[in-house]
Amino acid sequence: MEIQEYVPLRDYTSYKIGGPARFFCEPISVAEVKSALDFAATQKLPVYVLGSGTNVLVSDQGVKGLVLRIARNFGYSSIQNGSVRVGAGLPLDHLIAALADEGWAGFERLAGIPGSVGGGIFMNAGAYGITLGSFVQESMVIDHLGRIKRLLPAEHGFSYRNSIFQHQDLIVLETLLTIAPAPREQVVQGIAESKEKRRRLPLLPSCGSTFRNPTGTYAGRVIEELGLKGAQIGQAQISPTHANFIVNLGGANSQDVYGLIKLIKKEAAARSIAMETEVRLWGQFE
(Lines give C-alpha, C1' and ligand atoms only; values in the text may rest on other atoms or scores of the structure.)
Protein backbone atom coordinates (compact mmCIF):
# COMPACT_ATOMS: atom_id res chain seq x y z
CA MET A 1 0.00 0.00 0.00
CA GLU A 2 1.30 3.43 -0.96
CA ILE A 3 1.15 6.21 1.60
CA GLN A 4 1.19 9.45 -0.36
CA GLU A 5 2.27 12.88 0.84
CA TYR A 6 0.62 16.28 0.43
CA VAL A 7 -2.47 15.03 -1.39
CA PRO A 8 -5.02 17.83 -2.11
CA LEU A 9 -8.22 16.97 -0.27
CA ARG A 10 -10.34 19.24 -2.47
CA ASP A 11 -10.34 16.32 -4.92
CA TYR A 12 -12.04 14.10 -2.33
CA THR A 13 -14.71 16.35 -0.79
CA SER A 14 -18.11 17.47 -2.02
CA TYR A 15 -17.18 21.10 -1.29
CA LYS A 16 -14.32 20.89 -3.82
CA ILE A 17 -12.15 22.96 -1.47
CA GLY A 18 -9.52 22.32 1.19
CA GLY A 19 -5.78 21.99 1.58
CA PRO A 20 -3.59 18.87 1.46
CA ALA A 21 -3.32 15.85 3.70
CA ARG A 22 0.21 15.48 5.07
CA PHE A 23 -0.20 11.74 4.48
CA PHE A 24 -2.94 9.94 2.55
CA CYS A 25 -3.76 6.31 1.77
CA GLU A 26 -6.57 4.17 0.38
CA PRO A 27 -6.27 0.68 1.89
CA ILE A 28 -7.74 -2.26 0.02
CA SER A 29 -7.99 -4.69 2.94
CA VAL A 30 -8.27 -4.86 6.71
CA ALA A 31 -4.58 -5.77 6.83
CA GLU A 32 -3.73 -2.54 5.01
CA VAL A 33 -5.94 -0.54 7.36
CA LYS A 34 -3.92 -2.01 10.24
CA SER A 35 -0.69 -1.15 8.45
CA ALA A 36 -1.80 2.45 7.95
CA LEU A 37 -2.76 2.76 11.62
CA ASP A 38 0.63 1.35 12.63
CA PHE A 39 2.30 4.01 10.47
CA ALA A 40 0.25 6.75 12.12
CA ALA A 41 1.06 5.46 15.60
CA THR A 42 4.79 5.24 14.83
CA GLN A 43 4.81 8.79 13.45
CA LYS A 44 2.52 10.03 16.25
CA LEU A 45 0.02 11.31 13.70
CA PRO A 46 -3.68 12.01 14.19
CA VAL A 47 -5.87 9.83 11.97
CA TYR A 48 -8.69 11.27 9.85
CA VAL A 49 -11.12 8.81 8.33
CA LEU A 50 -12.61 9.84 4.99
CA GLY A 51 -15.40 8.17 3.06
CA SER A 52 -17.10 10.03 0.22
CA GLY A 53 -16.17 13.39 1.73
CA THR A 54 -19.74 14.70 1.69
CA ASN A 55 -19.81 15.99 5.26
CA VAL A 56 -16.32 17.45 5.72
CA LEU A 57 -14.89 20.97 5.52
CA VAL A 58 -11.09 20.81 5.26
CA SER A 59 -9.16 23.95 6.18
CA ASP A 60 -7.19 25.76 3.49
CA GLN A 61 -4.00 24.70 5.28
CA GLY A 62 -5.00 21.04 5.12
CA VAL A 63 -4.47 18.50 7.90
CA LYS A 64 -1.25 17.49 9.63
CA GLY A 65 -1.97 13.82 9.94
CA LEU A 66 -2.88 10.66 8.06
CA VAL A 67 -6.09 10.69 6.03
CA LEU A 68 -7.28 7.12 5.68
CA ARG A 69 -9.86 6.90 2.91
CA ILE A 70 -12.33 4.02 3.19
CA ALA A 71 -13.88 4.09 -0.26
CA ARG A 72 -14.35 1.87 -3.29
CA ASN A 73 -12.05 -0.87 -1.95
CA PHE A 74 -14.53 -1.45 0.86
CA GLY A 75 -17.57 -1.16 -1.40
CA TYR A 76 -19.04 -4.67 -1.35
CA SER A 77 -22.42 -6.06 -0.29
CA SER A 78 -24.02 -9.50 0.11
CA ILE A 79 -27.60 -10.43 1.00
CA GLN A 80 -28.14 -13.17 3.56
CA ASN A 81 -31.25 -14.23 5.50
CA GLY A 82 -33.12 -10.92 5.45
CA SER A 83 -30.00 -8.87 6.03
CA VAL A 84 -27.33 -7.25 3.89
CA ARG A 85 -23.65 -7.22 4.84
CA VAL A 86 -22.04 -4.05 3.51
CA GLY A 87 -18.53 -2.69 3.26
CA ALA A 88 -18.28 0.80 4.75
CA GLY A 89 -17.03 2.33 1.50
CA LEU A 90 -20.10 1.48 -0.59
CA PRO A 91 -22.10 4.60 -1.56
CA LEU A 92 -25.42 4.48 0.26
CA ASP A 93 -27.33 5.31 -2.92
CA HIS A 94 -25.67 2.40 -4.76
CA LEU A 95 -26.70 0.01 -1.99
CA ILE A 96 -30.32 1.19 -2.03
CA ALA A 97 -30.52 0.81 -5.83
CA ALA A 98 -28.94 -2.65 -5.77
CA LEU A 99 -31.36 -3.83 -3.08
CA ALA A 100 -34.31 -2.50 -5.08
CA ASP A 101 -33.20 -4.51 -8.11
CA GLU A 102 -33.34 -7.67 -5.98
CA GLY A 103 -36.71 -6.81 -4.42
CA TRP A 104 -35.44 -5.73 -1.01
CA ALA A 105 -36.60 -2.67 0.92
CA GLY A 106 -36.04 -0.91 4.22
CA PHE A 107 -34.35 2.44 4.03
CA GLU A 108 -35.23 3.64 0.51
CA ARG A 109 -36.40 6.92 2.07
CA LEU A 110 -32.68 7.68 2.42
CA ALA A 111 -32.25 7.51 -1.36
CA GLY A 112 -30.45 10.52 -2.75
CA ILE A 113 -28.38 11.14 0.36
CA PRO A 114 -24.77 11.42 -0.82
CA GLY A 115 -22.03 9.62 1.03
CA SER A 116 -20.92 6.13 1.93
CA VAL A 117 -22.56 3.58 4.22
CA GLY A 118 -19.76 4.06 6.74
CA GLY A 119 -20.27 7.81 6.70
CA GLY A 120 -24.01 7.28 7.10
CA ILE A 121 -23.41 5.19 10.22
CA PHE A 122 -20.87 7.70 11.58
CA MET A 123 -23.48 10.49 11.31
CA ASN A 124 -26.54 8.26 11.83
CA ALA A 125 -27.85 9.74 8.60
CA GLY A 126 -31.57 10.20 8.37
CA ALA A 127 -34.41 11.64 6.32
CA TYR A 128 -38.20 11.65 6.29
CA GLY A 129 -38.58 10.01 9.69
CA ILE A 130 -36.00 7.22 9.55
CA THR A 131 -32.30 6.87 10.36
CA LEU A 132 -29.73 4.42 9.05
CA GLY A 133 -28.76 3.44 12.58
CA SER A 134 -32.16 1.90 13.24
CA PHE A 135 -31.37 -0.81 10.65
CA VAL A 136 -27.96 -1.77 12.05
CA GLN A 137 -27.68 -5.29 13.52
CA GLU A 138 -23.93 -5.23 14.10
CA SER A 139 -20.77 -3.60 12.77
CA MET A 140 -17.19 -4.72 12.42
CA VAL A 141 -14.93 -1.90 13.60
CA ILE A 142 -11.25 -1.30 14.22
CA ASP A 143 -9.72 1.02 16.79
CA HIS A 144 -6.61 3.14 16.20
CA LEU A 145 -4.48 0.44 17.87
CA GLY A 146 -5.54 -2.02 15.17
CA ARG A 147 -7.87 -4.09 17.35
CA ILE A 148 -10.97 -5.44 15.60
CA LYS A 149 -14.28 -6.06 17.32
CA ARG A 150 -17.97 -6.32 16.56
CA LEU A 151 -20.47 -3.85 17.97
CA LEU A 152 -24.05 -4.78 18.83
CA PRO A 153 -26.79 -2.22 18.02
CA ALA A 154 -26.84 -0.65 21.51
CA GLU A 155 -23.05 -0.24 21.44
CA HIS A 156 -23.24 2.17 18.48
CA GLY A 157 -24.59 4.98 20.66
CA PHE A 158 -27.01 6.16 17.98
CA SER A 159 -28.99 9.36 18.54
CA TYR A 160 -29.91 12.32 16.36
CA ARG A 161 -27.03 12.72 13.87
CA ASN A 162 -24.75 11.09 16.41
CA SER A 163 -22.94 7.83 17.12
CA ILE A 164 -20.10 6.42 19.20
CA PHE A 165 -17.76 6.92 16.22
CA GLN A 166 -17.84 10.69 16.73
CA HIS A 167 -16.48 10.29 20.26
CA GLN A 168 -14.16 7.28 20.20
CA ASP A 169 -11.30 6.25 17.91
CA LEU A 170 -13.26 3.57 16.10
CA ILE A 171 -13.49 3.05 12.33
CA VAL A 172 -16.40 1.25 10.68
CA LEU A 173 -15.19 -1.43 8.27
CA GLU A 174 -18.40 -3.37 7.67
CA THR A 175 -21.99 -3.42 8.87
CA LEU A 176 -24.99 -5.75 8.82
CA LEU A 177 -28.32 -4.07 8.01
CA THR A 178 -31.88 -5.33 8.29
CA ILE A 179 -33.84 -5.45 5.03
CA ALA A 180 -37.26 -6.81 4.04
CA PRO A 181 -38.64 -8.33 0.83
CA ALA A 182 -40.98 -6.08 -1.14
CA PRO A 183 -42.27 -5.79 -4.72
CA ARG A 184 -39.56 -4.23 -6.86
CA GLU A 185 -41.96 -1.68 -8.38
CA GLN A 186 -42.98 -0.50 -4.91
CA VAL A 187 -39.37 -0.02 -3.79
CA VAL A 188 -38.41 1.78 -7.01
CA GLN A 189 -41.39 4.10 -6.57
CA GLY A 190 -40.30 4.87 -3.00
CA ILE A 191 -36.79 5.67 -4.19
CA ALA A 192 -38.14 7.94 -6.92
CA GLU A 193 -40.30 9.84 -4.44
CA SER A 194 -37.39 10.38 -2.05
CA LYS A 195 -35.12 11.58 -4.85
CA GLU A 196 -37.80 13.93 -6.16
CA LYS A 197 -37.96 15.64 -2.78
CA ARG A 198 -34.18 16.01 -2.76
CA ARG A 199 -34.14 17.57 -6.25
CA ARG A 200 -35.37 20.80 -4.63
CA LEU A 201 -32.06 21.07 -2.75
CA PRO A 202 -29.18 23.25 -4.02
CA LEU A 203 -27.01 21.66 -6.70
CA LEU A 204 -23.84 23.71 -6.18
CA PRO A 205 -20.97 22.08 -4.23
CA SER A 206 -21.81 21.88 -0.54
CA CYS A 207 -21.77 19.49 2.40
CA GLY A 208 -25.55 19.25 2.50
CA SER A 209 -27.01 20.37 5.82
CA THR A 210 -24.46 22.54 7.61
CA PHE A 211 -26.11 22.57 11.04
CA ARG A 212 -28.04 20.09 13.14
CA ASN A 213 -31.62 21.06 13.85
CA PRO A 214 -31.98 22.84 17.21
CA THR A 215 -34.55 21.33 19.55
CA GLY A 216 -38.08 22.07 18.40
CA THR A 217 -37.23 23.75 15.11
CA TYR A 218 -35.24 23.47 11.89
CA ALA A 219 -31.79 24.91 11.30
CA GLY A 220 -32.82 26.30 7.91
CA ARG A 221 -35.81 28.08 9.46
CA VAL A 222 -33.61 29.65 12.15
CA ILE A 223 -31.10 30.91 9.58
CA GLU A 224 -33.87 32.29 7.39
CA GLU A 225 -35.47 34.08 10.36
CA LEU A 226 -32.08 35.63 11.12
CA GLY A 227 -32.25 37.25 7.69
CA LEU A 228 -29.11 35.47 6.50
CA LYS A 229 -30.49 33.58 3.51
CA GLY A 230 -28.37 34.55 0.50
CA ALA A 231 -25.57 36.10 2.63
CA GLN A 232 -22.16 35.76 1.01
CA ILE A 233 -18.50 35.83 2.05
CA GLY A 234 -16.09 35.60 -0.83
CA GLN A 235 -17.42 32.89 -3.11
CA ALA A 236 -19.30 31.04 -0.36
CA GLN A 237 -23.01 31.71 0.02
CA ILE A 238 -25.86 30.72 2.32
CA SER A 239 -28.08 29.21 -0.34
CA PRO A 240 -31.07 31.36 -1.38
CA THR A 241 -33.10 28.16 -1.86
CA HIS A 242 -32.21 26.29 1.37
CA ALA A 243 -30.73 28.31 4.22
CA ASN A 244 -29.04 25.32 5.90
CA PHE A 245 -26.85 24.79 2.82
CA ILE A 246 -23.67 26.82 2.42
CA VAL A 247 -22.62 26.50 -1.20
CA ASN A 248 -19.42 27.04 -3.14
CA LEU A 249 -20.22 29.45 -5.98
CA GLY A 250 -17.12 28.33 -7.82
CA GLY A 251 -14.13 30.00 -6.21
CA ALA A 252 -14.76 29.67 -2.48
CA ASN A 253 -12.09 28.67 0.00
CA SER A 254 -12.64 26.97 3.33
CA GLN A 255 -12.24 30.18 5.28
CA ASP A 256 -15.12 31.72 3.30
CA VAL A 257 -17.40 28.85 4.33
CA TYR A 258 -16.17 28.97 7.92
CA GLY A 259 -16.83 32.71 8.01
CA LEU A 260 -20.49 32.06 7.20
CA ILE A 261 -20.66 29.31 9.82
CA LYS A 262 -19.31 31.74 12.43
CA LEU A 263 -21.75 34.44 11.30
CA ILE A 264 -24.74 32.12 11.69
CA LYS A 265 -23.61 30.91 15.11
CA LYS A 266 -23.02 34.48 16.32
CA GLU A 267 -26.37 35.82 15.13
CA ALA A 268 -28.23 32.79 16.53
CA ALA A 269 -26.44 33.06 19.89
CA ALA A 270 -27.61 36.68 20.12
CA ARG A 271 -31.12 35.21 20.18
CA SER A 272 -30.12 32.51 22.69
CA ILE A 273 -30.13 29.77 20.04
CA ALA A 274 -27.17 27.38 20.01
CA MET A 275 -26.30 26.18 16.52
CA GLU A 276 -24.22 23.00 16.32
CA THR A 277 -22.53 22.10 13.07
CA GLU A 278 -23.33 18.84 11.35
CA VAL A 279 -20.39 19.26 8.97
CA ARG A 280 -17.06 18.04 10.38
CA LEU A 281 -14.27 20.64 10.50
CA TRP A 282 -10.78 19.32 9.77
CA GLY A 283 -7.64 21.36 10.39
CA GLN A 284 -7.10 24.89 11.64
CA PHE A 285 -9.47 27.77 10.92
CA GLU A 286 -8.95 31.43 11.76
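Where does N81 lie? N81 lies in the loop between β6 (77-80) and β7 (83-87), where helices (H or I, at least four residues) and strands (E, at least two) are DSSP runs, numbered from the N terminus. Before I go on, please keep in mind that this is a predicted model, in which local features need pLDDT of at least 70 and side-chain atom pairs count only at pLDDT 80 or more, while totals for chains, interfaces and linings use all residues. Residues are numbered from 1 along each chain as its sequence is written, and side-chain values use heavy atoms, with hydrogens and water left out.

Let me stay with the backbone for a moment. Most residues other than glycine have a negative phi. N81, however, has a positive phi near 50° although it is a residue other than glycine. N81 counts as exposed because its relative accessibility is 81%; the word buried means under 20% relative accessible area, exposed means over 50%, and partly exposed means in between (1.4 Å probe, protein chains only).

Y128 is not a glycine either, and its phi is positive at about 50°. You will find Y128 in the loop between β9 (126-127) and β10 (130-131), and with a relative accessibility of 33% it is classed as partly exposed. What sits over the ring of Y128? It is the charged end of K197, at 4.4 Å from the centre of that ring, and the rule is that NZ of Lys or CZ of Arg must be within 6 Å of the ring centre and within 35 degrees of the ring normal. A127, in strand β9, is buried, since its relative accessible area is 12%.

Now to the aromatic rings, of which the structure holds five pairs. Rings of Phe, Tyr and Trp (its six-membered ring) pair if their centres lie within 6.5 Å, and planes under 30 degrees apart count as stacked, over 60 as edge-to-face and the rest as tilted. For Y12 and F24, the ring centres are 4.7 Å apart and the planes stand at 35°, so this pair is tilted. The pair links distant parts of the chain, with Y12 in the loop between β1 (4-8) and β2 (20-25) and F24 in strand β2, twelve residues apart. Both Y12 and F24 are buried.

What about the cysteines? A disulfide is a covalent bond between the sulfur atoms of two cysteines. With the cut-off that the pair of sulfur atoms must be within 2.5 Å, the structure holds zero disulfides. C25 is buried, with a relative accessible area of 0%, and C207 counts as buried at 7% relative accessibility.

My next topic is empty space. Rolling a probe the size of a water molecule over the atoms shows where such space is left. On a 1 Å grid over the protein atoms alone, a cavity is a set of points where a 1.4 Å probe fits but cannot get out, a pocket is an open set with protein on both sides within 12 Å along at least five of seven lines, and lining residues have an atom within 4 Å of a point. Grid points are joined across faces, edges and corners, and a volume is the space filled by probe spheres set on the points.

How many cavities of 30 Å³ or more does a search of the whole structure find? The search finds one, and the largest cavity holds about 40 Å³ of space. Its lining is made up of I96, L99, W104, A105, G106, F107, E108 and V187, with α2 (92-101) and β8 (104-105) each supplying at least two of the lining residues. By class, this lining has six nonpolar, one polar and one charged residues, where Ala, Val, Leu, Ile, Met, Phe, Trp, Tyr, Cys and Pro count as nonpolar, Asp, Glu, Lys and Arg as charged, and the others, Gly among them, as polar.

The second largest pocket has about 330 Å³ of space. Of the 16 residues that line this pocket, P114, P202, L203, S206 and F245 lie nearest its centre, and the classes are eight nonpolar, five polar and three charged.
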